[in-house]
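Biologist: I am new to this structure and would like to learn how to read it. Please show it, and then we can go through it feature by feature.

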Amino acid sequence: MSVARLHYPDAAELRLTWPVIQRLGDALADGGRIRVDPGSDWIRVPLEGTSDLRLLLMLMSVAIQAHQRGPGP
């Protein structure tokens, strides 16, 4: 199962799972840079600088952990 997709030259998509997206909702919405589609397991992270890359790596770690735990209740 894939947790990351690089379909765009300036953004990456991460599969966080919908329960994780709901838990992190306020943090993901802060600043309005991360795109979250309601009901989707995927988010889109812009890649415009070093801070975006750091954010992507942190969220990728969250995505990997979410998939290792398996489906929630």
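Biologist: How many strands does the open sheet have, and in what order?

Modeller: Strands and helices here are DSSP runs numbered from the N terminus, with at least two residues (E) for a strand and at least four (H or I) for a helix. Two strands count as paired if DSSP finds at least two bridges between them. In this model, which is predicted, the open sheet has four strands in the order 1-2-4-3, with antiparallel pairing. Strand 1 (4–8) and strand 3 stand at the edges with a single partner strand each, so one side of each has no neighbour in the sheet.

Biologist: What should I know about the model before going on?

Modeller: It is a predicted model: local features need pLDDT of at least 70, side-chain atom pairs count only at pLDDT 80 or more, and totals for chains, interfaces and linings use all residues. Residues are numbered from 1 along each chain as its sequence is written, and side-chain values use heavy atoms, with hydrogens and water left out.

Biologist: Which strands form a hairpin?

Modeller: Strand 1 and strand 2 do, with two residues between them. Their antiparallel pairing runs over three bridges, and Tyr8 stands opposite Ala11 in strand 2. Strand 3 and strand 4 also run antiparallel, joined by two bridges. There, Arg35 stands opposite Arg44 in strand 4.

Biologist: Where do side chains point along a strand?

Modeller: In a regular strand they alternate between the two faces of the sheet.

Biologist: What pattern does the chain follow along the sequence?

Modeller: The pattern is β-β-α-α-β-β-α, which comes to three helices and four strands. The radius of gyration, taken over C-alpha atoms, is compared with a globule rule of 2.2 Å times the number of residues to the power 0.38. For this chain the radius is 12 Å, close to the 11 Å that the rule gives for 73 residues, so the chain is as compact as a globular protein of that length. The C-alpha trace spans about 35 × 25 × 20 Å along its principal axes.

Biologist: What share of the contacts joins residues 24 or more positions apart?

Modeller: Contact means heavy atoms within 4.5 Å. Among contacts with a separation of 6 or more, residues 24 or more positions apart account for 54%.

Biologist: What makes up the largest nonpolar core?

Modeller: A residue is buried under 20% relative accessible area, exposed over 50% and partly exposed in between, using a 1.4 Å probe and protein chains only. A nonpolar core is a set of buried Ala, Val, Leu, Ile, Met, Phe, Trp, Tyr and Cys residues joined through side-chain atoms within 4.5 Å. The largest one has 14 residues, and those touching the most other members are Leu14, Leu16, Leu28, Ile43, Val45 and Leu59. Strand 2, helix 1 (18–23), strand 4 and helix 3 each give two or more residues. Helix 3 gives the most, with four residues.

Biologist: Which residues does Ile43 touch?

Modeller: Leaving out residues up to four places away in sequence, its contacts include Ala12, Leu14, Leu16, Ile21, Leu28, Ile34 and Leu59. Glu13 and Arg35 are also among them.

Biologist: Is Asp52 buried or exposed?

Modeller: Asp52, found in helix 3, counts as buried, because its relative accessibility is 6%. Apart from neighbours within four places in sequence, Asp52 is in contact with Arg33, Val45, Pro46 and Leu47. Over the whole chain, buried residues make up 27% of the 73 residues.

Biologist: How many salt bridges are there?

Modeller: A salt bridge is a side-chain nitrogen of Lys or Arg within 4 Å of a carboxyl oxygen of Asp or Glu. The count by this rule is six. One of them joins Arg5 and Glu13 at 3.0 Å, N to O. Arg5 is partly exposed at 29% relative accessibility, whereas Glu13 is buried at 9%. Glu13 also meets Arg44, at 3.4 Å. Arg44 lies in strand 4 (residues 42–46) and Glu13 in strand 2 (residues 11–15), so this pair ties together parts 31 residues apart in sequence.

Biologist: Where do Glu48 and Arg33 lie?

Modeller: Their side chains meet in a salt bridge of 3.5 Å, N to O. Glu48 lies in the loop between strand 4 and helix 3 (50–69), and Arg33 in the loop between helix 2 (25–29) and strand 3 (35–36), so the pair ties together parts 15 residues apart in sequence. Glu48 is exposed, at 61% relative accessible area, and Arg33 is partly exposed, at 42%.
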